[in-house]
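This briefing is for a reader new to the structure.

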Amino acid sequence: MRKTDEPKWAKGLAKPPAWRSDGTETVFDSPWMALTRHPATAPTGMKADYAVVRFKNVGTGVLPVHDDGTVTLVGQQRFALANYSWEMPEGGAPLDEDPFDGVRRELAEEAGLRAEHWAPALKVEMSNSITDEIGMTWIAWGLSPAPTAPDPTEIIAVARVPFLDLLDEIGRGTVRDGLTVATAYRAYHMAMVGELPQALAQAMLRRVG
C-alpha cells in the first residue's frame, strides 16, 4: 500500500510488522483462481499455516442508471450458495486486461446496454483475510441498446427498477450480492453530494408510486 492510499487518520500511526510468507505451495490451480499454502509468520511473530485464494481476474461491476432514475439489474442462478441472485451486471477482467474494458463488455453481454458516461464508484478488497481478489465498480448513464452475449453457462433475466426500490430491497435482504450492495450505497452518496449530474441524481432519489 502506498502512503497516498491510506486514510487521513492513519498518517503518522505506527504499524506492526507485515505478515511474512516463508514459502509457497500451490494446492489447486484453475483458469480462474489458485489456492496457495504458506508457512507464515504473523505480525506478532507467531508461526502460522496460511492458505490464500488467489484470483486471476479483477471483479468488475457497473450500476446502469437510466435517465428516469431506474437501474438495470440482472438475475441468475449462482452455484456456490445455490441461490438465485439479483445483481448489477458483473464479471471478471483478466489481470492483463484493463478492467474498464472488461466492465463495458459485461454491460453489453449481460444487460444489452452501452453507456455514454461512466464514473468510477469503488475499488474494494473482496475478502481480504483469505483472498487477494480486488473488485472495481462504476456508475454508468447515457444508456442505449447493445447486442447481448451471455456466457454459455448463464440464463440471464433483466429487470429495470427504480433506484430507491433497489435500496429498499437491499434493506430487506433480498439483494445480497456484495458488489451490488456496496455500489448502490456509493451511488446514493454520489447522488446526495453532487458527484453525479443533478438531473440524474434527482431522478434517482425520486420516490415512484
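In this predicted model, three strands make up an open sheet with antiparallel pairing, in the order β7-β6-β11. A second open sheet has four strands, ordered β8-β5-β10-β9, and its pairing is mixed. As background, the strands of a sheet pair through backbone hydrogen bonds, in either the parallel or the antiparallel sense.

**The three-strand sheet**

- The order of this sheet is β7-β6-β11, and its edge strands are β7 (83-87) and β11 (157-162), each of which pairs on one side only.
- From one strand to the next, the twist averages 30°.
- Strand β6 covers residues 70-78 and is joined to β7 by five bridges, with the two strands running antiparallel.
- Within this pairing, Val74 has Glu87 in β7 as its bridge partner.

**The helix on the three-strand sheet**

- Helix α2, made of residues 163-172, lies across β6 and β11.
- The direction of helix α2 is at about 105° to β11.

**The four-strand sheet**

- The order here is β8-β5-β10-β9, and the pairing is mixed.
- Strands β8 (90-94) and β9 stand at the edges with a single partner strand each, so one side of each has no neighbour in the sheet.
- Neighbouring strands are turned against each other by 30° on average, when direction is ignored.

**Pairings of β10**

- Strand β5 (residues 57-64) pairs with strand β10 (residues 134-145) in the parallel sense, over six bridges.
- Strand β9 (residues 113-125) pairs with β10 in the antiparallel sense, over eleven bridges.
- Which residue in β10 does Leu63 stand opposite? Leu63 stands opposite Ile139.
- Ile139 in β10 is also the bridge partner of Ala119.
- Trp118 stands opposite Ala140 in β10.
- In general, the side chains of a regular strand alternate between the two faces of the sheet.

Definitions and conventions
Residues numbered from 1 in each chain as written. Predicted model: local features only at pLDDT ≥ 70, side-chain atom pairs only at ≥ 80, totals over all residues. Heavy atoms only, no water. Pairing = 2+ DSSP bridges. Axes fitted to C-alpha atoms, helices over the stretch in contact; angles between N-to-C directions. Contact = heavy atoms within 4.5 Å.
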